[in-house]
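Subject: Structure handover

Hi,

Please open it first, then read the notes below.

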Amino acid sequence: RDLHLLSPRQRQMCIRDSDNPKHDKRTNQYDTTLLYTDHLLRDIYTYAKDHLNLQVMMYCSDHGENMERSHVASKNMTYDMVRIPFFIYLSPAYTQLYPDTAQALRQNEHKVFTNDLMYDTISGILHLPNTDYEPNFDLSSSAYDLKPADARTKYGEWTILDDPDYK
């Protein structure tokens with residue numbers, strides 16, 4: 001199953017914002033959205049594990065944030081905004097059933113990845129063959145082979161190698 005979360009910024013009425021005196025109001029609101037997202041993901045994971053036989057859970061944000069700039073917009077975009085949180089959980093049963101997939105994910109854990117390649121990774125993790133699947137773009141494949149020089153973002157305009165924090 002697929003679950004799309006609304007922007008945590010839309011939850012303003014649900015949780016009191018963080019009140020860190022070292023941060024401005026906008027940063028405190030952003031901190032609160034991170035806490036809210038963590039809380040929500042924990043609740044989804046717990047419910048799915050306890051009631052739905054959870055086998056795989058994936059999460060990624062559509063964008064990051066730069067607190068010194070306005071919300072993501074092409075003209076204001078920075079590399080901070082294209083670095084995103086991303087995780088994949090595999091249950092012990094899934095790992096036992098698909099050990100090669102789990103091993104490939106471990107081997108590719110620290111390799112460069114962009115979320116526009118999510119289709120191939122989801123197809124690979126779910127073992128759903130299709131005509132558009134490319135294993136070299138699938139983190140769960142031993143054939144994953146995205147070179148940092150080929151990893152691009154912002155509609156192909158930026159290369160990951162130009163990110164000042166890329167290591």
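Is Asn 53 buried or exposed? Asn 53 counts as exposed, because its relative accessibility is 58% and the cut-off for exposed is over 50%. One caution before the rest: this is a predicted model.

**Overall layout**

The protein has five helices and four strands. Read from the N terminus, the order of elements is α-β-α-β-α-α-α-β-β. There are 167 residues, and buried ones make up 32% of them. Now take the contacts between residues at least 6 apart in sequence. Of these, 53% join residues at least 24 apart.

**Two backbone points to check**

Back to Asn 53. Asn 53 sits in the loop between helix 1 (25–51) and strand 1. Its phi is positive, at about 55°, although Asn 53 is not a glycine. Most residues other than glycine have a negative phi. That is the reason for listing this one here.

His 127 is another entry under this heading. Its phi is near 55°, again a positive value in a residue other than glycine. Look for His 127 in the loop between helix 5 (118–125) and strand 3. His 127 counts as partly exposed, because its relative accessibility is 35% and that class lies between the 20% and 50% cut-offs.

Strand 1 covers residues 56–60. Its covered face holds Met 57 and Tyr 59. Its uncovered face holds Val 56, Met 58 and Cys 60. Strand 1 pairs with strand 2 in the antiparallel sense, over five bridges. Within this pairing, look at Cys 60: it stands opposite Phe 86 in strand 2.

**The second largest pocket**

Phe 86 turns up again here. The second largest pocket has a volume of about 1,100 Å³. Its lining counts 38 residues. Those nearest the centre are Ile 84, Phe 86, Phe 113, Thr 114 and Asn 115.

What is the lining made of, by class? It has 19 nonpolar, nine polar and 10 charged residues.

**Val 82**

Thr 114 is 32 residues away from Val 82 in sequence. In space, the two are 8.6 Å apart, C-alpha to C-alpha. Which residues does Val 82 contact, leaving aside neighbours within four places in sequence? They are Met 77 and Thr 153.

**Thr 159**

Thr 159 belongs to strand 4 (residues 158–159). Thr 159 counts as buried, because its relative accessibility is 11% and the cut-off is under 20%. Residues up to four places away in sequence aside, Thr 159 touches Tyr 79, Pro 148, Ala 149, Ala 151 and Arg 152.

**Salt bridges**

How many salt bridges does the count come to? The count comes to four.

- Arg 42 with Asp 43: the closest N and O atoms are 3.7 Å apart. Asp 43 is partly exposed at 35% relative accessible area. Arg 42 is partly exposed too, at 46%.
- Lys 147 with Asp 145: the closest N and O atoms are 2.4 Å apart. Asp 145 counts as partly exposed at 43%. Lys 147 falls in that class at 41%.
- Lys 154 with Glu 157: the side chains meet at 3.6 Å, N to O. Lys 154 is buried, because its relative accessible area is 13% and buried means under 20%.

**Where to look in the viewer**

For the pocket, centre the view on Ile 84, Phe 86, Phe 113, Thr 114 and Asn 115. For the backbone points, go to Asn 53 and His 127. For the strand pairing, go to Cys 60 and Phe 86. For the buried partner in a salt bridge, go to Lys 154 and its contact with Glu 157.

Best wishes

Technical notes:
Residues numbered from 1 in each chain as written. Predicted model: local features only at pLDDT ≥ 70, side-chain atom pairs only at ≥ 80, totals over all residues. Heavy atoms only, no water. 1 Å grid on protein atoms, 1.4 Å probe; cavity = no way out; pocket = protein on both sides within 12 Å on 5 of 7 lines; lining within 4 Å. Points joined across faces, edges and corners; volume = space filled by probe spheres on them. Nonpolar A, V, L, I, M, F, W, Y, C, P; charged D, E, K, R; others polar. Buried < 20%, exposed > 50% of the residue type's maximum accessible area, 1.4 Å probe, protein only. Contact = heavy atoms within 4.5 Å. Pairing = 2+ DSSP bridges.
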